Amino acid sequence: MRKLTVLIATLLVCLGCAGMTEEPAAPSAPLFYPPPPQRPRLQFLHTITGADDLEKPPSLLQEFIFGKIDGPSLGKPYDVGACKGKIYVMDRMFKKMAILDLADRNMTFLDDRGIGRFGDPAGIWVSEDDVKYVADMQRKQVLAYDAANRFLRAYGGPEIFEQPVDVAVYENRMYVVDMAKEQLFILDRGIGQLIKAVGEIGELFKPSHVAVGPAGDVFVTDAFHYRVQRFSPDGRLLGTIGFHGDQVGGFVRPKGSAVDHGGRVYVTDAAFENVQ
């Protein structure tokens with residue numbers, strides 16, 4: 001015990017303080033998009049690939065004694081949602097929903113055992129009351145989990161969906177895009193009843209993602225038509241965004257989209273590896 005006490009005391013002298021930690025280096029200057037002289041809309045804050053990017057770094061003494069312990073990490077993040085200090089990431093590699101708690105600075109995976117078990121989850125939507133809606137392609141359903149991450153219910157089934165790949169919710173309506181049927185489905189969120197199917201043959205070509213704006217307009221990524229289609233809340237086509245091309249405003253492989261409170265639409269492109 002005396003030798004251990006001497007060792008720790010020596011380490012404290014060498015390290016300066018047992019509570020000293022290695023904080024990540026701050027960026028030299030804030031990074032904004034778009035860059036000056038344009039008006040900035042977004043500021044880059046942090047990159048998260050796993051629990052190690054959230055947890056408070058251990059002291060040098062702790063790391064010396066116990067060694068470095070790696071926390072869980074993301075494998076193939078596909079879709080993301082957020083609510084009340086938490087970020088939810090759907091991981092296609094692990095077929096799990098990762099929960100990034102920014103307040104507690106930890107990362108866990110949602111426990112989906114039992115009747116709420118995932119089959120092949122893809123898109124996720126998080127409502128303002130922290131209910132998570134997950135489009136599951138294998139189950140051919142949309143699964144819902146409450147604020148405490150408990151399974152609530154399932155929507156749809158093979159009688160409606162073939163390959164539901166993404167979901168969005170606005171008020172009492174649920175919007176689901178089916179990549180195989182190439183349609184947008186509108187459901188009653190309360191009772192789960194199908195209200196309407198949108199998209200005749202050729203109108204949508206492999207739709208991959210759906211988002212809802214602050215006014216209730218629905219934005220569907222029409223992937224193989226290289227555009228985003230905008231619909232009214234009842235499914236009426238209002239217009240399109242983008243075209244096939246490699247210049248500004250064009251898409252090659254458009255994927256997820258989002259709409260901010262000002263009505264601006266953000267679209268990711270897997271080929272360009274950018275967001276427009």
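A patch here is a set of residues with over 30% relative accessible area and no salt bridge, where like charges are joined within 9 Å and nonpolar side chains (Val, Leu, Ile, Met, Phe, Trp, Tyr) within 5 Å. A salt bridge is a side-chain nitrogen of Lys or Arg within 4 Å of a carboxyl oxygen of Asp or Glu, and accessible areas come from the Shrake-Rupley method with a 1.4 Å probe, with only the protein chains shown counting as cover for residues.

This is a predicted model, in which local features need pLDDT of at least 70, side-chain atom pairs count only at pLDDT 80 or more, and totals for chains, interfaces and linings use all residues. Residues are numbered from 1 along each chain as its sequence is written, and side-chain values use heavy atoms, leaving out hydrogens and water.

Let's start at the surface. Leu 31, Tyr 33, Leu 42 and Phe 44 make up a nonpolar patch with about 370 Å² of accessible area together. Strands β1 (31-33) and β2 (42-44) each give two or more residues to this patch; strands are DSSP E runs of at least two residues, numbered from the N terminus.

Now to an open sheet: four strands lie in the order β15-β16-β17-β18 with antiparallel pairing, where pairing takes at least two DSSP bridges. Its edge strands are β15 (207-212) and β18 (237-241). Five bridges join β15 to β16 (residues 218-222), and Ala 211 has Phe 219 as its bridge partner in β16.

Ser 257 touches both Ala 211 and Phe 219, among others (contact means heavy atoms within 4.5 Å).

How values were computed: Lists of a residue's contacts leave out its neighbours within four places in sequence.
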